[in-house]
Amino acid sequence: MKSYEVNFDGLVGPTHNYGGLSYGNVASQSNSQQSSNPKEAALQGLAKMKALMEMGFQQGVLAPQERPDVAALRRLGFSGTDAQVIERAAKEAMPLLVANCSASSMWVANAATVSPSADTADGRVHFTAANLNCKYHRSIEHPTTSRVLGAMFADQKHFAHHAALPAVAQFGDEGAANHTRFCRDYGEAGVEFFVFGRSAFDTRYPNPQKYPARQTLEASQAVVRLHGLSDDGVVYAQQNPSVIDQGVFHNDVIAVGNGEVLFYHEDAFLDTEQMLAELHGKLAKVGGKFQSICVPRSAVTVEDAVRSYLFNSQLLSRPDGSMLLIVPEECRGNERVWQYLQGLTSSGGLIREVKVFDLKQSMQNGGGPACLRLRVALNETELAAVNQGVIMTAPLYGTLTEWVDKHYRDRMTENDLADPQLLLECRTALDELTQILKLGAVYPFQIN
Ligand code: SUG
């Protein structure tokens, strides 16, 4: 049976703004308070989805969330009508209003960890929504994420959904941003690679000194148990704490993998040799031949990687077995990175082509091509069982661009977030979106 990697991209929500909310994420901090352009952000994301669809890749779309999150503001003690809740929060605690307005759910690599059916004990595709416990503005995403994923992958014969892990720092889970799957073919058993930043309970693992390590070993282990993965099908590795301190807040800022290939920076991991040997051995057991491409620090520094998002790229398999790398425009703007990429594609290796996308609106908050997509490996039968409303087609692209043009503002600042009219605009837009994507009622305003 045929199988595919389907990329579900997060649609940028109408409140996209630069809140400076993510300590440890250099772009988020340095662009804090700048004015944003939600319309442009959403159209940039849609253009990438359309381009990948036109290249022949399977492409889906994941809906944004209801923001401002009035229910979350009520839990923080703001009361009255919805408009009063927003006005009071704006007056008394603007940073809380900003956090409750974040469109951060666009970075759907953090929505969940997904294990394909070929790897799991019960032969179903398993999803665990990420608790995103490290940052308040992201910790409020998972209830709606679970409902949206449930509406997209509803058939229980094929899909199993797990609630987010306990919402405490010891089980900090950032989803697929720290998870990579290696395999010979998407439909065959593979090796799932879990990268963690720290251990919550075992003091032998070092911690970063400056910035938080968001993903714990214990969270990754819990996901492995929930998904019913076998010991032979899992490899754990610790991120190098010193790169976290340089702004690598997720592993997908310093490494990307696909098929049998890991593309990574020399400084990305601790105990790299042992990790590579384990990946090689375990992939060989399922008939695969692990290959790695290490980018030396002499060619590209960690700082270059963080600024250009070279590794936050999409590594995609083409029908002839070669690979294509989807990178953000910022890679072309960095001389060393661009030179490295020219050498890589002309070297006769597996990665033959680089395609560049303008994702500046998302990049300025630390979200590149890889952050914007959730990978779900599916066989033909499973793909047919997905809610077809979320599969990208030329007509859906047309409908969604019109929808964005109709509902989105082209400028967003703190003052705009304080405008109660924005809530109404967002709800009107999202209500229409759930009909376009055939999701049913998934937002708090639709179900309460
Ligand atoms: O969690 N930025 C996101 C970026 C997530 C990127 N995802 C992956 N690497 N997979 C984060 O730090 C910034 C929001 C703000 O500052 O307004 C933010 O949440």
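This is a predicted model: local features need pLDDT of at least 70, side-chain atom pairs count only at pLDDT 80 or more; totals for chains, interfaces and linings use all residues.
Which element supplies the largest share of the lining of the second largest pocket?

**Entry 1: second largest pocket**

I looked up the lining by element and found that α11 contributes the largest share, four residues. The helix α11 covers 302-308, and together with α1 (26-30) it belongs to the elements that each supply at least two lining residues. The volume I noted for this pocket is about 390 Å³. I then listed its lining, which has 18 residues, with V26, A27, V306, R307 and S308 closest to the centre. Sorted by class, the lining residues come to six nonpolar, nine polar and three charged.

**Entry 2: largest pocket**

I turned to the largest pocket and wrote down a volume of about 590 Å³. Its lining has 24 residues, and those closest to the centre are S3, Y186, S317, R318 and P319. Two elements give two or more residues each to this lining, namely β1 (3-10) and β12 (314-317). Of the elements, β1 gives the most, with four residues. I also sorted the lining of the largest pocket by class and got ten nonpolar, eight polar and six charged residues.

**Entry 3: largest cavity**

The largest cavity holds about 310 Å³ of space. I listed 23 residues in its lining, with E5, H179, T180, R181 and R375 closest to the centre. The elements that give two or more residues to this lining are β6 (179-182), β9 (255-258) and β15 (373-379). Among the elements, β15 has the largest share, with five residues. By class, I recorded twelve nonpolar, six polar and five charged residues for the lining of the largest cavity.

**Entry 4: second largest cavity**

I noted a volume of about 150 Å³ for the second largest cavity. Its lining has 20 residues, and S22, N25, W107, H137 and N365 are the closest to its centre. I counted the classes as four nonpolar, 14 polar and two charged.

**Entry 5: the ligand**

Where does the ligand sit? I checked its position against the cavities and found the ligand in the second largest cavity. I then listed the shell around the ligand, which has 22 residues, with L21, S22, S28, H137 and D252 the closest. The shell divides into seven nonpolar, twelve polar and three charged residues. S22 and H137 are among the residues closest to the ligand, and S22 and H137 are also among those closest to the centre of the second largest cavity.

I looked at polar atom pairs next. A backbone N or O atom of G19 is 2.8 Å from an oxygen atom of the ligand. For S22, a polar side-chain atom is 2.8 Å from a ligand oxygen atom. For N25, a polar side-chain atom is 3.0 Å from a ligand oxygen atom. How much of the ligand's accessible area does the protein cover? I recorded that the protein covers 100% of the 490 Å² of accessible area that the ligand has on its own.

**Entry 6: recap**

The ligand itself is placed in the second largest cavity.

Note on methods. Residues are numbered from 1 along each chain as its sequence is written. Side-chain values use heavy atoms; hydrogens and water are left out. A residue is near a molecule or strand if one of its heavy atoms lies within 4 Å of it. A polar contact is a pair of N or O atoms within 3.5 Å; within protein, one must be able to donate a hydrogen and the other to accept it, and residues adjacent in sequence count only if both atoms are side-chain atoms. Accessible areas come from the Shrake-Rupley method with a 1.4 Å probe; for residues, only the protein chains shown count as cover. On a 1 Å grid over the protein atoms alone, a cavity is a set of points where a 1.4 Å probe fits but cannot get out, and a pocket is an open set with protein on both sides within 12 Å along at least five of seven lines; lining residues have an atom within 4 Å of a point. A molecule sits in a cavity or pocket if more than half of its atoms lie within 2 Å of its grid points. Ala, Val, Leu, Ile, Met, Phe, Trp, Tyr, Cys and Pro count as nonpolar, Asp, Glu, Lys and Arg as charged, and the others, Gly among them, as polar. Grid points are joined across faces, edges and corners, and a volume is the space filled by probe spheres set on the points.
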